[in-house]
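Hello,

Here is the structure I promised to send over. Please have a look at it first, and then read on for what turned up.

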2 protein chains.
Amino acid sequence: MGQLIEPRTLKGFLDILPKQEFARRAILKKVEEVCQSFGFVPIDTPVMEYSEVLLGKGGGETDKQVFRFEDHGNRDVSLRFDLTVPFARFMAAHRSELYLPFKRYHFAKVFRGEKPQKGRYREFMQCDFDIVGSDSLLSDLEILQTMAVCFSSFGIDKLRFLISHRGIFSAFLEKEGIAESGVAILRTVDKLAKIGADKVKELLNEEIAADKVEKVLSFITKEDSNDATIQNLIDLCGEKNEHILRLETIIKELEKLMPQIDFVLDPSITRGLDYYTGIVYETYLQDLPSIGSVCSGGRYDNLTALYTKEPLPGVGSSIGLDRLVAALEELDLLPAAQNGASVIIFNIDDNLQSYYLDLANSLRKAGIQCEIFHANKKMNQQFKFAETKGHTFALICGEEEQKSASYTVKDLRKRENHSFTDLDSLIQFFHGQDL
Amino acid sequence: MGQLIEPRTLKGFLDILPKQEFARRAILKKVEEVCQSFGFVPIDTPVMEYSEVLLGKGGGETDKQVFRFEDHGNRDVSLRFDLTVPFARFMAAHRSELYLPFKRYHFAKVFRGEKPQKGRYREFMQCDFDIVGSDSLLSDLEILQTMAVCFSSFGIDKLRFLISHRGIFSAFLEKEGIAESGVAILRTVDKLAKIGADKVKELLNEEIAADKVEKVLSFITKEDSNDATIQNLIDLCGEKNEHILRLETIIKELEKLMPQIDFVLDPSITRGLDYYTGIVYETYLQDLPSIGSVCSGGRYDNLTALYTKEPLPGVGSSIGLDRLVAALEELDLLPAAQNGASVIIFNIDDNLQSYYLDLANSLRKAGIQCEIFHANKKMNQQFKFAETKGHTFALICGEEEQKSASYTVKDLRKRENHSFTDLDSLIQFFHGQDL
């Protein structure tokens with residue numbers, strides 16, 4: 001066979017073992033149920049697309065974060081780095097087949113060539129949900145509510161939402177005459193939590209005049225109350241513009257709708273990305289703020305600008321599954337570990353293979369997950385297997401039990417035996433257990 | 001914004017619209033439930049791996065079917081083209097963390113640069129399940145039973161399994177002294193159903209002597225009964241070897257276990273791939289044989305040979321989701337279409353937004369999926385939206401209803417109105433409906 005190959009994965013690309021994968025699937029199922037309860041519908045898009053479609057015409061210098069290649073047909077292709085750009089392309093391509101507003105969820109893997117670090121991978125699963133085709137305030141509220149209900153479904157109600165509005169930021173930049181440096185300012189301010197105020201100031205000084213830096217630093221300051229922060233924004237913008245009014249209304253409505261949650265107006269939240277134009281938000285767990293934002297997003301006034309002239313406004317959010325799993329694990333809220341089947345049928349007689357298969361079949365038809373030990377091996381080996389895999393009950397049936405249609409069950413947790421004289425009683429017993 | 005970009009996807013890479021994605025998810029859920037009921041556990045592996053890991057040392061001339069690239073770290077990487085090779089790598093890497101036999105399922109996308117044609121895509125979803133670490137006959141039976149129960153869960157019981165055994169084929173080639181042409185013969189024979197007997201003969205003549213071609217053609221002939229085919233194999237192998245005995249036993253046990261299914265011993269089934277060493281099988285729908293095999297697989301005596309010296313035998317199957325969806329659609333067995341929420345709350349008063357949000361919240365807490373129309377638009381527009389999206393009930397509540405805590409519901413299918421004087425009665429009504 002030649003030399004052996006090391007069974008390694010690429011840096012930042014992970015295998016998921018059964019225990020974790022069971023948890024991930026349980027979490028995704030909950031997020032999906034919540035999304036569906038709000039009327040979101042699922043879509044899927046390809047993992048790989050034309051680079052032009054994902055990166056824009058020309059593409060400029062390729063972002064190092066993008067896995068970009070040439071395929072055998074000499075096509076310039078890339079792996080998707082988020083689910084928003086593919087969704088924009090999807091909406092432009094299928095607009096005539098869809099109704100508006102369109103509420104979609106999309107849970108899928110994305111790829112970024114970032115330096116891997118704790119909790120950051122090059123391949124990771126995102127859960128996105130967006131409402132497009134509406135610029136209504138109700139949609140803003142609904143997205144934030146969907147986020148809160150998702151976390152509540154995991155047992156987390158102590159949330160802190162940091163909310164801001166990109167329209168206010170733009171109006172402020174305009175007023176100060178520094179709009180042309182807007183993108184650079186946004187990206188710098190976005191790093192505040194990571195690099196601190198001093199470093200932000202230093203970076204801003206490279207971009208704009210010193211007096212403007214002071215203004216920006218004042219703008220992104222969070223006051224002691226939302227009302228005080230609002231007042232500061234009004235002062236800096238010179239008026240209570242429509243964006244300030246909308247943000248104020250949103251926060252008031254959210255506080256009424258979800259009094260258990262802490263809504264904080266934080267003007268330093270900008271979400272770096274160019275396309276946001278309305279509210280932007282990040283979500284922190286009050287019991288675990290250090291893990292960072294577990295869900296974020298915002299409103300954009302035109303999702304599909306790259307592909308079509310007809311504007312399509314919307315609002316959306318994204319949950320990173322890996323960080324969420326890490327958070328739930330830390331808070332001891334991970335869905336209970338599963339192990340496959342709860343019942344194992346021990347294999348103690350080579351002549352009874354058909355009988356075991358039939359018995360397993362009957363149990364499965366009654367909704368009981370079960371498996372047969374694969375071969376007639378020593379009992380201690382079978383017990384050891386059941387313990388490792390985590391079976392709850394072992395069915396121990398030999399020729400005598402088969403002949404008399406009786407069943408002996410061992411409760412592997414309590415180390416108790418139970419006997420049954422017919423299949424129905426056995427099934428009833430299992431139905432009464434927490435399997 | 002510059003020139004618009006055409007929102008196209010790569011050839012063979014598809015968008016999945018909500019109706020299809022709902023169906024796909026419902027199907028995957030059923031397959032998952034069946035797999036879990038047999039004690040299979042889920043894993044996941046990366047979409048992209050070192051080419052060496054997926055293709056073997058050196059890799060030779062790259063298979064055109066593989067999407068192979070160089071990443072920015074100058075690593076030679078490929079997208080996975082099946083789930084078996086990554087599973088082998090996974091088992092070699094995690095052997096010490098896992099128990100044996102290990103039963104895993106893995107539902108994920110794979111990528112092949114094949115010429116796209118009807119029902120064949122370059123990106124497609126496979127559902128694999130394998131039992132590794134056991135060479136027992138029981139595992140062979142269990143894999144085939146899992147397949148049958150999956151199809152039964154979709155309402156398909158009229159199946160035809162074509163079964164053969166690679167060990168018998170190898171013994172025959174050995175006896176005839178043509179084992180060194182084995183791989184070429186296998187691949188040619190594998191095409192029988194596609195290209196016909198004459199073409200197979202022609203291709204075989206390029207590989208081996210004319211008298212050997214006749215022997216091979218005799219070998220792959222399916223007789224009128226399984227017993228007659230067995231006898232033919234015994235004659236051609238010169239003895240009833242262990243493989244023939246095992247295949248005979250398997251078919252007898254399967255017939256006892258699942259009398260509703262047609263098990264046909266067909267020695268022309270070889271499953272092209274090198275690694276199979278035991279039984280191999282394909283699955284056809286008796287009501288739709290033309291769609292081809294909907295599930296196939298086989299037994300291998302060493303999954304992990306590329307990566308470790310310790311042999312790991314196993315048996316597994318793979319369902320291609322796209323073909324399965326196409327089959328279920330054709331047979332009118334696709335899971336009922338869903339549409340997101342069943343209940344829509346019409347938006348008829350700008351002052352009632354908070355009330356609508358609260359009401360929706362209460363309904364969701366009672367397990368009723370519902371959404372609010374995004375804005376206070378004309379009634380006919382709201383009705384049109386509900387009809388397009390497929391809502392079943394519309395809740396029409398204005399200021400009067402809010403004040404009196406009463407509710408008016410329109411059944412959009414039956415075009416009937418219902419009135420309720422409190423929230424509990426409304427919820428009870430919805431619970432009584434088939435939502």
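A:Pro101 lies in the loop of chain A that runs between α3 (84–94) and β5 (102–111); helices here are DSSP runs of H or I with at least four residues, strands are runs of E with at least two, and both are numbered from the N terminus. The peptide bond between A:Leu100 and A:Pro101 is cis, with omega about -10 degrees. Chain B has a cis bond from B:Leu100 to B:Pro101, with omega near -10 degrees, and B:Pro101 is placed in the loop between α3 (84–94) and β5 (102–111) of chain B.

Before going further, a note on conventions: this is a predicted model, in which local features need pLDDT of at least 70 and side-chain atom pairs count only at pLDDT 80 or more, while totals for chains, interfaces and linings use all residues. Residues are numbered from 1 along each chain as its sequence is written, chains are lettered from A and ligands numbered from 1 in the order in which they are written, and side-chain values use heavy atoms, with hydrogens and water left out.

Back to the backbone. Most residues other than glycine have a negative phi, and most peptide bonds are trans. B:Asn74 is not a glycine, yet its phi is positive, at about 60 degrees. B:Asn74 belongs to the loop between β3 (68–70) and β4 (76–79) of chain B. With 56% relative accessibility B:Asn74 counts as exposed, where exposed means over 50% relative accessible area, buried under 20% and partly exposed in between (1.4 Å probe, protein chains only). B:Arg415 also has a positive phi, near 55 degrees; it is found in the loop between β15 (407–411) and β16 (416–420) of chain B and is exposed at 66% relative accessibility.

Next, how the two chains meet. Contact (heavy atoms within 4.5 Å) involves 104 residues of chain A and 104 residues of chain B. The chains bury about 9,100 Å² between them, 62% of it on carbon and sulfur atoms; buried area is the accessible area (1.4 Å probe) that two parts lose on being put together, summed over both. There are 10 salt bridges between chain A and chain B, a salt bridge being a side-chain nitrogen of Lys or Arg within 4 Å of a carboxyl oxygen of Asp or Glu. B:Asp44 and A:Lys109 are joined by a salt bridge between their side chains, at 3.0 Å from N to O. On the side of chain A that touches chain B, helix α1 (residues 18–37) of chain A gives the most, with seven residues.

B:Thr45 is in the loop between β1 and β2 (48–50) of chain B, and at 1% relative accessibility it is buried. Leaving aside neighbours within four places in sequence, the contacts of B:Thr45 include A:Leu14, A:Asp15, A:Lys109 and A:Glu123 from chain A, and B:Arg80 and B:His106 from chain B. B:Glu142, in helix α4 (residues 137–153) of chain B, is buried too, at 3%. Not counting residues up to four places away in sequence, B:Glu142 touches A:Arg364, A:Glu371, A:Ile372, B:Phe38, B:Lys103 and B:Ile131.

Now the strands. How many residues of strand β10 (residues 295–300) of chain A are buried? Six of the six are, so the strand is largely enclosed by the rest of the structure. A:Cys295, A:Gly297 and A:Arg299 point one way from β10(A), and A:Ser296, A:Gly298 and A:Tyr300 point the other way. β10(A) runs antiparallel to strand β9 (residues 276–285) of chain A, with five bridges, and A:Val280 is opposite A:Gly298. Six bridges link β10(A) to strand β11 (residues 314–320) of chain A, again antiparallel, and here A:Ser296 faces A:Ser318.

In chain B, an open sheet of eight strands with mixed pairing has the order β1-β5-β6-β11-β10-β9-β7-β8; two strands pair if DSSP finds at least two bridges between them. β1 (41–42) and β8 (262–265) of chain B stand at the edges with a single partner strand each, so one side of each has no neighbour in the sheet. Strand β7 (residues 159–165) of chain B runs parallel to β8(B), joined by four bridges, and B:Phe161 is opposite B:Phe263.

Best wishes
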